[in-house]
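Colleague: Can we go through this one together? I would like to start with the pocket and then move on.

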Amino acid sequence: MVESNANTYSPGSLSLERLYESTGRSKNEKRVRFAIIGTGGMGLEHIETIQGIDRADITGLYDIHKRCIDTVLKKCRDVKKIKVYDNRSKVCSDPNVDALVITTSNHTQCEIFLEAIRHNKHILLEKPMRSD
């Protein structure tokens, strides 16, 4: 069993300390800015987890289903800081997003993952990725 601590996003998955260091911002601004692509189901679980982490903010949301976005916004703190995107390419290319949590269905994850890599984003994939 892996224990979680203040520098770990979820047990064994992501070192926030490395993300803080990679943001290139001043020491006082070291907050990791997360965007969530796919806000239904597990996306909401990740949002709730991230909101409980010091120095981590949800700054963006994208989902093809508007009702999912509306549901999530009701459960988010600092809604004014959250940008709702109208397409996933804008999320991936936004310089105000440090890390992406991708919780879409299996058949869309590979394409989103590759686009995020092209924009040098830190990425957490919710499920195993497939390309077919």
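**Pocket and sheet**

Modeller: The largest pocket holds about 160 Å³ of space. A pocket here is an open set of points on a 1 Å grid over the protein atoms alone, where a 1.4 Å probe fits, with protein on both sides within 12 Å along at least five of seven lines. The volume is the space filled by probe spheres set on the points. This is a predicted model: local features need pLDDT of at least 70, side-chain atom pairs pLDDT 80 or more, and totals for chains, interfaces and linings use all residues. Residues are numbered from 1 along each chain as its sequence is written, and side-chain values use heavy atoms, without hydrogens and water.

Colleague: Which residues line the largest pocket?

Modeller: Among them are I37, Y62, D63, H65, R88 and T104; lining residues have an atom within 4 Å of a point.

Colleague: Switching topic, in what order do the strands of the sheet come?

Modeller: The order is β3-β2-β1-β4-β5, in an open sheet with parallel pairing. Strands are DSSP E runs of at least two residues, and two of them pair if DSSP finds at least two bridges between them.

Colleague: Which strands stand at the edges?

Modeller: β3 (83-84) and β5 (122-125); each has a single partner strand, so one side of each is left without a neighbour in the sheet.

Colleague: And how many bridges join β1 and β4?

Modeller: Four, between residues 32-37 and residues 99-102. I37 of the pocket lining stands opposite I102 in β4.
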